[in-house]
2 protein chains.
Amino acid sequence: MSESCDPLESSITIFQVNAADPLKNIRVVLCAPVHPGNIGAAARAMKTMGLARLYLVAPRRFPDPEAEWRASRATDVLAHATVCSALDEALQGVGLAIACTARSRELAVPEMTAREAAAEAVGVARAQQVACVFGNETFGLTTAEVNCCQRLATIPANSRYSSLNLAAAVQVIAYELRLAARGDAAGPAKQRQLASFEELEGFYAHLERAMIEVGFFDPRHPKKLMPRLRRLFARARVEREEINILRGIVTSFQRHKPKR
Amino acid sequence: MSESCDPLESSITIFQVNAADPLKNIRVVLCAPVHPGNIGAAARAMKTMGLARLYLVAPRRFPDPEAEWRASRATDVLAHATVCSALDEALQGVGLAIACTARSRELAVPEMTAREAAAEAVGVARAQQVACVFGNETFGLTTAEVNCCQRLATIPANSRYSSLNLAAAVQVIAYELRLAARGDAAGPAKQRQLASFEELEGFYAHLERAMIEVGFFDPRHPKKLMPRLRRLFARARVEREEINILRGIVTSFQRHKPKR
């Protein structure tokens, strides 16, 4: 029923963007969901708001009759779901990845409310793929998962009990996306060609290698250096051309012999 | 576990209004819910948003272990739920009753979006009790039930599939109520220590010098390099500490001798 995450296939679909309906370019990514019922309920939540692209990263049980039952008449969303083994696969070709949570955290990617994030997501989705990423039911998003994203969208919640059900969180975000898409009739601002997930990751890896070479970064004592740099560049929403400039600068530094 | 709907008791509680927290004065009323799982999930949705007062009108099965399970750590909301036999009972003492639905209808009751209704509900709830009324899973709200209310709040949804799960609808309304109660003023906006103008300029000058040293930047043919980099970092709104990190990286690159 579900498609496997074939890299070639996803590289073909990357640029298939539906300009008329930004919601069609927004995928919902569930990381390691445990309960198939939540997968089905998330599919239903998506469809009620006009979202259709579901990605499942290492689901414990899928497909499953419980998912079908809870999906109600959104079983088509389940049938077209893409199952991946790791988050990177689910983010291939994505221009903006948003980690969705009810918990605020220190030193993650730039934080904003669900409403603000939805507005940004819809703007980007007019020209590029966008992902809304949700964590596991028990543990939420891991730091590594959040760091794969350029935004942290928080759902304002009761500080003494912020544990939204997974599908309920998907419902709230999908609802905000729908409102943003309807309200965004004003038209997009100038479209920027944002760097894709792979391009950004390529830059981070390059920068990290170079910093290790010059002794600025010690991978045995990483402290928070890479997360901090990721957060900085995530805030900027780096364009494709800028990635090329930044990598050019790093390469020049690597090759240069100081005259002394 | 649940209180019965004793008219005398409810007439006593009518005027106990918590002025400090309007959410405490907003009850969620579920009309004839069929699945106990939905009752539990609704209780959880309420608690995550700071709502506590659940009214159940003629529930098919309650209490029920399925409700407890789906409530997760919101079983206190279930324990204090009020079971009524008819909607009028659940609306005793209520100053504003809002029928909540994803379907718009031709009725005498004024229609508004969930967001507009939440703003009005919170305004009223500063001084009086308010009810948000939800229909049965299969049939939604009956015309008679809607006519018991003074407002119809619609959740904007996919016109081809607007069937939100009951608890998901409660989650969306509860979320809007919470945002309205917070006054929308409270964004995430933890105060960041942004770099000053001088600090930013110091970094740009440092980076430019270093790029000249390594031959990446030729000041006689500047093209748009520095303006592009400025634009990138301006978008990020760089923090003071980040400037220190960036300058540290550049300095390490300047000092390093490649082994070749």
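Two residues are in contact when they have heavy atoms within 4.5 Å of each other. By this rule, 69 residues of chain A are in contact with 66 residues of chain B. The model is predicted: local features need pLDDT of at least 70, side-chain atom pairs count only at pLDDT 80 or more, and totals for chains, interfaces and linings use all residues. Residues are numbered from 1 along each chain as its sequence is written, chains are lettered from A and ligands numbered from 1 in the order in which they are written, and side-chain values use heavy atoms, with hydrogens and water left out.

The two chains bury about 6,100 Å² between them. Buried area is the accessible area (1.4 Å probe) that two parts lose on being put together, summed over both. Carbon and sulfur atoms account for 60% of the area buried by chain A and chain B. Eleven salt bridges cross the interface, each defined as a side-chain nitrogen of Lys or Arg within 4 Å of a carboxyl oxygen of Asp or Glu. A:Glu239 forms a salt bridge with B:Arg231. Their closest N and O atoms are 3.3 Å apart.

Several elements of chain A each supply at least two residues to the side that touches chain B, among them H2, H3, H8 and helix H9 (197-213). Helices (H or I, at least four residues) and strands (E, at least two) are DSSP runs, numbered from the N terminus. H11(A) gives the most to this side, with eleven residues. By class, the side of chain A that touches chain B has 30 nonpolar, 15 polar and 24 charged residues. Here Ala, Val, Leu, Ile, Met, Phe, Trp, Tyr, Cys and Pro count as nonpolar, Asp, Glu, Lys and Arg as charged, and the others, Gly among them, as polar.

A cavity is a set of points where a 1.4 Å probe fits but cannot get out; a pocket is an open set with protein on both sides within 12 Å along at least five of seven lines; lining residues have an atom within 4 Å of a point. Grid points are joined across faces, edges and corners, and a volume is the space filled by probe spheres set on the points.

The largest pocket has a volume of about 990 Å³. It is lined by 46 residues. A:Arg44, B:Glu137, B:Leu164, B:Asn165 and B:Leu166 lie nearest its centre. H2(B) provides the largest share of the pocket lining, six residues. The pocket lining divides into 20 nonpolar, 15 polar and eleven charged residues.

The structure holds six cavities of 30 Å³ or more. The largest cavity has a volume of about 200 Å³. Its lining of 15 residues has 15 nonpolar, no polar and no charged residues. A:Leu207, A:Leu246, A:Ile249, B:Leu207 and B:Leu246 lie nearest its centre.

Backbone features complete the description. A cis peptide bond joins A:Phe62 and A:Pro63, with omega about -5°. A:Pro63 lies in the loop between strand S3 (53-57) and H3 of chain A. In chain B, a cis peptide bond joins B:Phe62 and B:Pro63, with omega about -5°. A:Ala32 has a positive phi of about 50° although it is not a glycine.

Conventions. On a 1 Å grid over the protein atoms alone, a cavity is a set of points where a 1.4 Å probe fits but cannot get out, and a pocket is an open set with protein on both sides within 12 Å along at least five of seven lines; lining residues have an atom within 4 Å of a point.
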